[in-house]
Structure formats: structure tokens, C-alpha cells
Amino acid sequence: MLLPDHLLAGYKSFIEGRYLAETQTYRALARDGQAPETMIVACCDSRAAPETIFGSAPGELFVVRNVANLVPPYEPDGDFHGTSAALEFAVVALKVKHIVVMGHGRCGGIQAALTQDFEPLSQSDFIGKWMSLVRPAAETVGASEFMTTSERQTAMERISIRHSLANLRAFPDIAEREAAGTLTLHGAWFDISSGELWAMNPATGDFERPLIEGADAN
């Protein structure tokens, strides 16, 4: 079996449907290259795909996905840094105008960070090491006796977005472009259950539901 049957069925639907309808767009992207204006740092959770949530066209979004949509600290130490490499390419080569850190509800990575007795999935514990990026904040949120488990989860998901935005501003190329007004940073949070999208107010840090023309405001 070269590929699972459901993937081949999905590809058949794509090539006979969307690709057929957007052939010229794909050919132009192949010929001219990509020029997305927006980069999204998202979670690799299969339920929160940015291209689906934002109804994006081919070539419209430059997306990097990792566990819990975290941006690591700026560390030019010669080691391997996949997310940082994607940021460098998006900002320096593609010259994106926006970077959105998009978290989501019911995030397994955040749940692991909040769980004090979390058992590593393997001896290497890559997830535990990765989520240690937000461990101090998780310990503070987890210690609150006045919050329910779901409240702690949502609070930590949003705090981690702010944490990643702060880390973004430590990257010199990003800080320089934000100061010049050629790049803006955004935070967003998606509720898988309700489909609601919340955006972070840059002035207050609060998450608010953006007003969308023609959408139900309830």
C-alpha cells in the first residue's frame, strides 16, 4: 500500500474538485512562487487547521505547526530550530506583513503542561521538554484553587499565546520590522467545540470576539 485509502480518496476529491477549479492559481504559484502576507504559528492538533478555519486560498497563508503553537526563545546557538527557521524564512525572505499565534481549546500540550504528574510518552520525553517552555506559567495557573480544571486550561492556552508573542519580539528581525510598522503581531484562540474565534486586543491583552459583518453576534 503506497498510501492509506482515505488519503487517496481525499486526493481524488481534491484533484477533481478544488484543483480543477483553481488550476490557474496553482500554476501561477508554481511559476511565480509564493507571496503570502500572513504567517500563522498553530498547533499540530488535527482539529484546528488554520487553512480550514480561515477559508484560505492556495498560497495565502504560510503556516508552521508544532505542539501547543509555541514560539521558542530566540537562541542562535547553532542547534536545530524548526519553528525559528520558519519564522526567519517568513519574515526575511517572504516579508510577511502579519504573524498570528493561534491557540485553541482542549489543547493536549497545554493539558500536559498543567498536569503535575504527567507521564512521559517515551523515554526521550520530547513533549515534556518542549512544554517546559511554559512550565512556570503553568505552575502558577495550576496552583489556583479558585479555578476549575476547564478554566485553568483555557487560561493557560491564552497565557501561552501571550508568552509566544513576547518570544517573537525577541527575534531581532521581527522586532525591527514591528517597530518600523511593516509587520504586526496578533494572538488568536479557536474554540473547537463552538467554532468561535477570539482575537487578542493588543492594547489590553484581553481576548475578544471580533465583529464580523453579516455573522451572528450571539
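# Cysteines, sheet and salt bridges in a predicted model

The sulfur of Cys 107 has its closest cysteine sulfur in Cys 43, at 4.2 Å, which is too far for a bond. The structure is a predicted model, in which local features need pLDDT of at least 70 and side-chain atom pairs count only at pLDDT 80 or more, whereas totals for chains, interfaces and linings use all residues. Residues are numbered from 1 along each chain as its sequence is written, and side-chain values use heavy atoms, with hydrogens and water left out.

**Cysteines**

- A disulfide is taken to be a pair of cysteine sulfur atoms within 2.5 Å, and by this rule the count comes to 0 disulfides.
- Seen from the other residue, the sulfur of Cys 43 has its closest cysteine sulfur in Cys 107, and the distance of 4.2 Å is again too far for a bond.
- Cys 43 is buried, with a relative accessible area of 5%, where buried means under 20% relative accessible area, exposed means over 50%, and partly exposed lies in between (1.4 Å probe, protein chains only).
- Cys 107 also counts as buried, at a relative accessibility of 2%.

**The sheet**

- An open sheet is formed by 6 strands in the order β2-β1-β3-β4-β5-β6, with mixed pairing; the edge strands, each of which pairs on one side only, are β2 (61-66) and β6 (207-208).
- Strands are DSSP runs of E with at least two residues, and helices are DSSP runs of H or I with at least four residues, both numbered from the N terminus; two strands count as paired if DSSP finds at least two bridges between them.
- Strand β1, which covers residues 38-43, runs parallel to β2 and is joined to β2 by 6 bridges.
- Cys 43, described above as buried, has Asn 66 as its bridge partner in β2.

- As background, most residues other than glycine have a negative phi.
- Ala 68 has a positive phi of about 70° although it is not a glycine; Ala 68 is placed in the loop between β2 and α5 (82-93) and is buried, with a relative accessible area of 1%.
- Asn 69 lies in the loop between β2 and α5, and its phi is near 45°, a positive value in a residue other than glycine; at 2% relative accessibility, Asn 69 counts as buried.

**Salt bridges**

- A search of the whole structure finds 9 salt bridges, a salt bridge being a side-chain nitrogen of Lys or Arg within 4 Å of a carboxyl oxygen of Asp or Glu.
- Among them, Lys 12 and Glu 16 meet through their side chains at 3.1 Å, N to O; the two residues are 4 residues apart in helix α1, so they are separated by about one helical turn.
- Lys 12 counts as partly exposed at 47% relative accessibility, and Glu 16 is partly exposed as well, with a relative accessible area of 49%.
- Asp 45 forms a salt bridge with Arg 47, and their closest N and O atoms are 2.7 Å apart; Asp 45 counts as buried at 13% relative accessibility, whereas Arg 47 counts as partly exposed at 41%.
- Asp 173 forms a salt bridge with Arg 177, with the closest N and O atoms 3.7 Å apart; both residues lie in helix α10 (residues 172-180), 4 residues apart, about one turn of the helix.
- At a relative accessibility of 34%, Asp 173 counts as partly exposed.

- Thr 23 is found in helix α3 (residues 23-32) and is buried, with a relative accessible area of 13%.
- The side chain of Thr 23 reaches the backbone oxygen of Tyr 19 at 2.7 Å.

**A nonpolar surface patch**

- Leu 2, Leu 3, Leu 7 and Leu 8 form a nonpolar patch on the surface, with about 430 Å² of accessible area together.
- Patches are made of residues with over 30% relative accessible area and no salt bridge, in which like charges are joined within 9 Å and nonpolar side chains (Val, Leu, Ile, Met, Phe, Trp, Tyr) within 5 Å; the accessible areas come from the Shrake-Rupley method with a 1.4 Å probe, and for residues only the protein chains shown count as cover.
- Leu 2, one of the patch residues, is found in the segment before α1 (5-16) and is exposed, with a relative accessible area of 87%.

Note on methods
Polar contact = N/O pair within 3.5 Å; in protein donor to acceptor, adjacent residues only side chain to side chain.
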